[in-house]
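Welcome! Let's take a friendly walk through a protein model, one region at a time.

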Amino acid sequence: MGRRGRRKARVAGITALVPPELIYAAGWRPLDINNWIPGSDARPRSKLCAWTASWREAILGGELKLDALVVVAGGDCHNALADGQVAARNVGRTHYFFYPFDGDAGYMEGQLRALEGFLGEGLRGERAHDRAMRALEEVAAAKRLGLRLEALRSAGRADPGSTFDALISFSDLEGDPARFGGKVERLIDASRDFRGTEGPGVALIGVPPIYRDFHRACAEAGLRVVFDELPYEFLRLGGHDLRSLARSYSTYTFARPVEFRLGLLKRELSRRKVRGIIHYAQFTCHHLLEDGLLREELDLPMLTVQGDLPGRTPAQVRLRLEAFGELLGAGKGAI
Ligand code: SF4
């Protein structure tokens, strides 16, 4: 379960985005405890959201072993806070991390210092300094490659499915930023042989689909995904010291008021000439409540898909994707 890097560093599980730069700089290895779920057949016994319930049960059952757990307690998800507190009973050390709703970079810097203190070593201190600087540069280099791959995919010159799989892993860089950077570089090289994709360009917004083959299902429906909202957040945020990390991560749109998120969405959707939007929402996730507002503000045809348990994209969702593809071919309307 999960992804294993070559280093023997201690593993800090993260429930949502926590700056991986800082965790690597402190000599730990971040593990996004969500990333194994789409590839699994997890069926949590007691749940609201299948994401948080799956990792909660895996931690309590001992299948997911962590040296520490960092719960994003002030961000975009109260289910994670509740399930994180329960899961914490089977992890030696737990830290609660808060994003500033108002984007206050000073507050964000205080949170990064608190996380640094929890991990024991951070960007300060002579002994740790060289390692921290190396880690920061490795993550930054991987993210530069990720942005190149993302741009190729948006231009229709890289496969949307394998690009998504790589981009979603930027939350933890698969436990080894240098090795992960190499993997992204190979995807960029492979894109030279990519024959291109057809169909109207669509944006996938909202939380990531829990279906492992969702991008393939979109492609089969004639839809060309040119923007993945949350992975783009993982990629675009970064920094080379506490202050720049704080400035950057205080703009994490999922932890800010929805108007702030809409600003970034409007910019990116226009830049990529998106023709339609797929809004993925998870069963019982409060983000579904934003659907009406997103429809009002983003003046494009929108298909809302709600998923629950991990697995392959269900037949009825595929049918709706196909109908949406046909609709976009006609050029107007909404489902
Ligand atoms: S899908 Fe919604 S409820 Fe579930 S973990 Fe993500 S933000 Fe939280």
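## A pair of strands

Which residue in β4 does V72 stand opposite? V72 stands opposite F97. The strands involved are β3 (residues 68-74) and β4 (residues 94-98), which run parallel and are joined by five bridges. Two strands pair if DSSP finds at least two bridges between them. From β3 the chain crosses through α3 to β4, and this β-α-β crossover is right-handed; that is, with the strands pointing away from the viewer, the path from the first strand over the helix to the second runs clockwise.

Before going on, please note that this is a predicted model: local features need pLDDT of at least 70, side-chain atom pairs count only at pLDDT 80 or more, and totals for chains, interfaces and linings use all residues. Residues are numbered from 1 along each chain as its sequence is written. Helices (H or I, at least four residues) and strands (E, at least two) are DSSP runs, numbered from the N terminus.

## The nonpolar core

The largest nonpolar core holds 99 residues. Such a core is a set of buried Ala, Val, Leu, Ile, Met, Phe, Trp, Tyr and Cys residues joined through C-beta atoms within 7 Å. A residue is buried if 20 or more other C-beta atoms lie within 10 Å of its own, exposed if 12 or fewer, and partly exposed in between, with C-beta atoms placed from the backbone.

A12, V70, V202 and A203 have the most contacts inside this core. Helix α5 (residues 126-154) gives the largest share of the core, seven residues. Leaving aside neighbours within four places in sequence, A203 is in contact with V226, F227, E229, L269, V274 and I277. Contact means that the C-beta atoms of two residues, placed from the backbone, lie within 7 Å.

Just after α2, G62 takes a positive phi of about 85°.

Helix α9 (residues 229-236) is also largely enclosed by the rest of the structure, because seven of its eight residues are buried. Among them are E229, Y232 and F234.

## Around the ligand

The ligand is surrounded by C49, W51, T52, D76, C77, N79, A80, V207, Q282, C285 and H287.

Helices α2 (50-60) and α3 (78-87) each supply at least two residues of the shell.

Y24 lies in helix α1 (residues 20-25). Y24 is buried because 26 other C-beta atoms lie within 10 Å. Not counting residues up to four places away in sequence, Y24 touches A135, V139 and P177.

E174 sits in the loop between α6 (160-168) and α7 (177-190), and has a positive phi of about 50° although it is not a glycine. Is E174 buried or exposed? E174 counts as buried, because it has 22 C-beta neighbours inside 10 Å. K273, in the loop between α11 (258-271) and β7 (276-282), has a positive phi near 50° and is a residue other than glycine. K273 counts as exposed, because it has 10 C-beta neighbours inside 10 Å.

Notes
Near = placed C-beta within 6 Å.
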